[in-house]
Amino acid sequence: MKKNVYGNIEDLLVHVRMVTPTGVLEKGCRGPRISSGPDVHHLVLGSEGTLGVVTEVTLKVRPLPECRKYGSIVFGSFEPGVAFLREVARQQLRPASIRLMDNEQFIFGQALKPEAGSLLAPLLDSLKKFYITRIKGFQVDKMCVTTLLFEGSQQELEMQERSVYDIAAKFGGIPAGEENGLRGYMLWPSHLRRRFLGTVWLTSAGTSRTCFAKSAVLGEFLFSPWFLAV
C-alpha cells in the first residue's frame, strides 16, 4: 500500500528458501544484482505457495519515517481525478500512497462514517456539503476523492504536499482534510475483504483506457499512477 516509497514485495525481498517435493529451491548467491537469467524469487512469489513451503525469508527494512500525514482531495467527477493522477506521475512526485476512489466508493465511505462525537460536527458537515454542492457546484452522484499519505522528513512532507495540492487545484480539486484521508486510506480491499467481501478483483490500464476499464470491470477499481507510461 506504500509501494511508491518502499517498493513492492519483490523489491523488498533479499532471499527466500522454499522446500518443494523434489528438494530445496533458493538462490545460491545473495549479491545485490545478478544477471543470470530468470529470477528464482519471481517464481516463488508468483506461485503463491502452490509449488512448495517457504521456510526462510530475508527482507529489506527501513527506519520508521520521521513524519506521517494523511490528506484527501475531492474532484467533481472521475475524469479530472484521473488527469490529476497522471500529472502527479508526470512530475515524478511520490507520496507514500495516492489512490483515486470513484463515486461508488466515495458514497460507500460516507455511509461508513462514524457518528459525530461533537454537537458542532453535524453543523460543520452541513456547511462543508453546502460549500461543495452549492458554491462549487459538485454533484453528489459524480464526486470522487483521492486519498493521500505522505511519509518522510518534515521538509519532504511540506514539499510533497505543496506540489500535490497545487496540481490538484489546476484540475478543480478541493482539499478535504486529514480525517477523510485516513478514513479513505483504511477503506481498501484488504480491509474490506476481511469484513464484507469475499473476492477483490484488481486491474490496471493506461490513462487513455482508464475510464473504459473502470466501467468494464466489476468490483474494486485500483489506480496507481506509478504504473502509467507517461
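Valine 53 sits in strand β3, where strands (E, at least two residues) and helices (H or I, at least four) are DSSP runs numbered from the N terminus. This is a predicted model, in which local features need pLDDT of at least 70, side-chain atom pairs count only at pLDDT 80 or more, and totals for chains, interfaces and linings use all residues. Residues are numbered from 1 along each chain as its sequence is written, and side-chain values use heavy atoms, with hydrogens and water left out.

Setting aside neighbours within four places in sequence, valine 53 is in contact (heavy atoms within 4.5 Å) with Arg17, Met18 and Val19. Glycine 52 belongs to the loop between α3 (40-47) and β3 (53-59). Not counting residues up to four places away in sequence, glycine 52 touches Met18, Val19 and Thr20.

Now for accessibility. Buried means under 20% relative accessible area, exposed over 50%, and partly exposed in between (1.4 Å probe, protein chains only).

| Residue | Relative accessible area | Class |
|---|---|---|
| Glycine 52 | 16% | buried |
| Valine 53 | 53% | exposed |
| Cysteine 67 | 14% | buried |
| Cysteine 144 | 0% | buried |

Cysteine 67 counts as buried because its relative accessibility is 14%. As for disulfides (a pair of cysteine sulfur atoms within 2.5 Å), the structure holds 0.
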